[in-house]
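Subject: Structure for you to look at

Hello,

Here is the structure I said I would send. My notes follow it, starting with the salt bridges and ending with the contact between the chains.

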There are 2 protein chains.
Amino acid sequence: MRAGPSQEEIRRQNLGALLRFVHRHGAMSRAELTAKLGLNRSTIGALTAELTAAGLVAEAAPREAGRAGRAGRPSLVVSPRSDAVCAYALAIEVDRIRVARVGLGGVVADRREAAREPGQSGEEAVKQVSSFVAEMHAAAPAQVRYIGSGGAVGGRARAADGSIGLGPPAGWADEPLRAALLAAGLPGEAPVTTGAAADLAALAEHTRGAAAGYDNVIYLYGDAGISAGIIAGGRRVPGYLGIPGEVGHMVVHPGGRPCRCGSQGCWETEVGEQALLRGGGGGGGGGVTGQAAVRAVVDSAAQGDTSARTALRRVGDWLGFGVGNLVNIFNPEMVIFGETLRDIYLAAAAPVRSRLNSIGLAASRGHLRLRTPALGDDAVLIGAAELAFEELLADPLDQR
Amino acid sequence: MRAGPSQEEIRRQNLGALLRFVHRHGAMSRAELTAKLGLNRSTIGALTAELTAAGLVAEAAPREAGRAGRAGRPSLVVSPRSDAVCAYALAIEVDRIRVARVGLGGVVADRREAAREPGQSGEEAVKQVSSFVAEMHAAAPAQVRYIGSGGAVGGRARAADGSIGLGPPAGWADEPLRAALLAAGLPGEAPVTTGAAADLAALAEHTRGAAAGYDNVIYLYGDAGISAGIIAGGRRVPGYLGIPGEVGHMVVHPGGRPCRCGSQGCWETEVGEQALLRGGGGGGGGGVTGQAAVRAVVDSAAQGDTSARTALRRVGDWLGFGVGNLVNIFNPEMVIFGETLRDIYLAAAAPVRSRLNSIGLAASRGHLRLRTPALGDDAVLIGAAELAFEELLADPLDQR
């Protein structure tokens, strides 16, 4: 209910709109931008000049110089300066830690990864992040401008002590990660924002992945449990204080397996990694957990191991059950199976679809697409970088 | 990604913001409006003058004239012209038809209601609406300006032929209702918009009811089935093409009662009116259905009827089960039990809460409030009127 914006605010909005457009869609001619943004040519020219001066975009003559039939000067092409503007994407997931330097436009310029030992504390995880950032920042070209960082925290990695706990306080990672970046020698005034890994993967797939152009999307993030990043009407569905719900604790099987939340038959107890490993026979042996363990069961099943096949079929069935419920509740256009659920879905698509078809309303199934992440495992990292770029895109010339 | 607004658009936005504010919150002094809207005094004066000239607000000296301690001229009080600007709210629900004339500010000025016979066609329902509107419009004071109508269609009343069907095309009622209003002598150029009854009840409770000030709310609308109007982050959660999901077909009881959707153990087969009547003994006899039948079972239970008590307890248990799942999925601040679920919740609060406590995550239950509609049965009607006022509030001086 605030008052309308001033001329100065409008100019900033337009700068943000132009920068966001090339950030999302890549290099584009001034003529195309004029059409897409609904601004006139001279405004586009002035905005581009300001963004060029600020080192955020570059202009160049188009490569395919002068098609024969077109008269006049060719329209200059505007590109985001992926080489000159970067954010760090930090991901603390249940079984690994990843850090990437991501250029404007969503280009991964450099990356580091380490396995995360079971039981590793949040403090140790943050220390690892800090050492990766220090390393990468020292190696980055001198002209690169750092604008901020985004952190992704896996659903089951959220507790401050690194334990697999429920309901940690929102944003626990913000301050530790900010401190880690300071320790790594990054300027302290740049913003550090964190979000749930599932939400950020959904954001990335919606911005530039499988869900680009789809406004009603459920991204399922599988690790030790199941979380969801949900987009409805083009916007993230938040919960109280911005904390999303925990779809993994939707009860699908009354009287089913006890869940560590205290309830029984929660979706993630029937589908999660443990459900697969418990039934999967030799596949999950040797103390291996996480994505590697899930892949071992999938491989055993592919090689004809009966208990692995049975476990996969059972887990696929319950996966389809929960997806059917979410489809009935949200009426989405797309469900994306991410992380461990990607492997499970690809290996057990038949039971997933069969159960989904028996539960999902025909009216909702008609337009439903089942997909895996177009950005693969990078969805979480790209999403964390999107979070970091958000402030710059909202007000590109705010120099703080 | 559109360009920023012009000065003229800003003025219109501000007119809308002021009108929306008094529409939602009622009469308010210029001084308060200045503070609440963040605009300066002269701007508020100019905006008020324009809205007054357009017949949308009225200004008057405050009633409690001149408190002793306060110097200077008292600030004029701005009120919405409930007497002069109206919308029609049209509700076609499974067991009744209601029409209300609602003044700006959400005041019901006149209303009609008729029971809807089981099996009544959509065409007949629309004819009934038309006759009520004609009657009320003839009786309305001559100076009242009609600005549009909003239609609410009950979850189980949506099919074009009036049957209780699944998945009718979105907006089936728009054209029939528009035609009905024309037939009733209303001007054809005024907008007619329809929505799902659950969504509109949620909108009303969020605008001026139990959920005012709460941005994460689930309104449960019970009739022959269960629908939900869901608000997350202050916005309605839509589905594909704006069509919401059908929470009533979340499967809560695998292998449970067969549902007319083809699945088994859907939430509404375990909780809906039929579940209660099936078990409720004599309470639901005599072919009575709908809210009256539910009340009969509740009354029998209150008088000690064992089978009615058992049925209520069982239905309350499944109601708490589904609410627990929705709480885990959405992490809302409030769940509102509307229509038949209001009666069931009030009579079976203990089993509802007990099951909810066993399923809902402690982290989400801590901030959760369970409520009944502050607007009572009028929530649907007030919400339909809000839909009709939306266009006026967005651009108050657009005279078409």
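Arg96(B) and Glu93(B) form a salt bridge in this predicted model, with 3.9 Å between the closest N and O atoms. Arg96(B) counts as buried, at 12% relative accessibility, and Glu93(B) is buried too, at 3%. Salt bridges with shared partners also link Glu8(A), Arg11(A), Arg12(A), Glu50(A) and Asp395(A) into one network.

Over all chains, the search finds 45 salt bridges. One of them pairs Arg30(A) with Glu59(A), at 2.7 Å from N to O. Arg30(A) belongs to helix 2 (residues 30-37) of chain A and Glu59(A) to strand 2 (residues 57-60) of chain A, so this pair ties together parts that are 29 residues apart in sequence. Both ends are partly exposed: Arg30(A) has a relative accessibility of 26%, and Glu59(A) has 27%.

Another salt bridge joins the side chains of Arg208(A) and Glu386(A), at 3.1 Å from N to O. Here the parts tied together are 178 residues apart in sequence, because Arg208(A) lies in helix 6 (residues 197-208) of chain A and Glu386(A) in helix 14 (residues 379-394) of chain A. Glu386(A) is buried, with a relative accessibility of 5%.

Next, the cysteines. The count of disulfides over all chains is 0. In chain A, the cysteine sulfur closest to that of Cys259(A) belongs to Cys261(A) and is 3.7 Å away, which is too far for a bond, since a disulfide needs the two sulfur atoms within 2.5 Å. Cys259(A) is buried, at 8% relative accessibility. In chain B, Cys261(B) is likewise in no disulfide, and its nearest cysteine sulfur, that of Cys266(B), lies 3.7 Å away. Cys261(B) is partly exposed, at 23% relative accessibility.

Last, the interface. How many salt bridges cross the interface of chain A and chain B? The rule finds 0 there. Polar contacts between chain A and chain B come to 10 residue pairs, with both residues at pLDDT 80 or more.

Regards

Conventions: Residues numbered from 1 in each chain as written. Chains lettered and ligands numbered in written order. Predicted model: local features only at pLDDT ≥ 70, side-chain atom pairs only at ≥ 80, totals over all residues. Heavy atoms only, no water. Salt bridge = Lys/Arg side-chain N within 4 Å of Asp/Glu carboxyl O. Polar contact = N/O pair within 3.5 Å; in protein donor to acceptor, adjacent residues only side chain to side chain. Buried < 20%, exposed > 50% of the residue type's maximum accessible area, 1.4 Å probe, protein only. Helix = DSSP H or I, 4+ residues; strand = E, 2+ residues; numbered from the N terminus.
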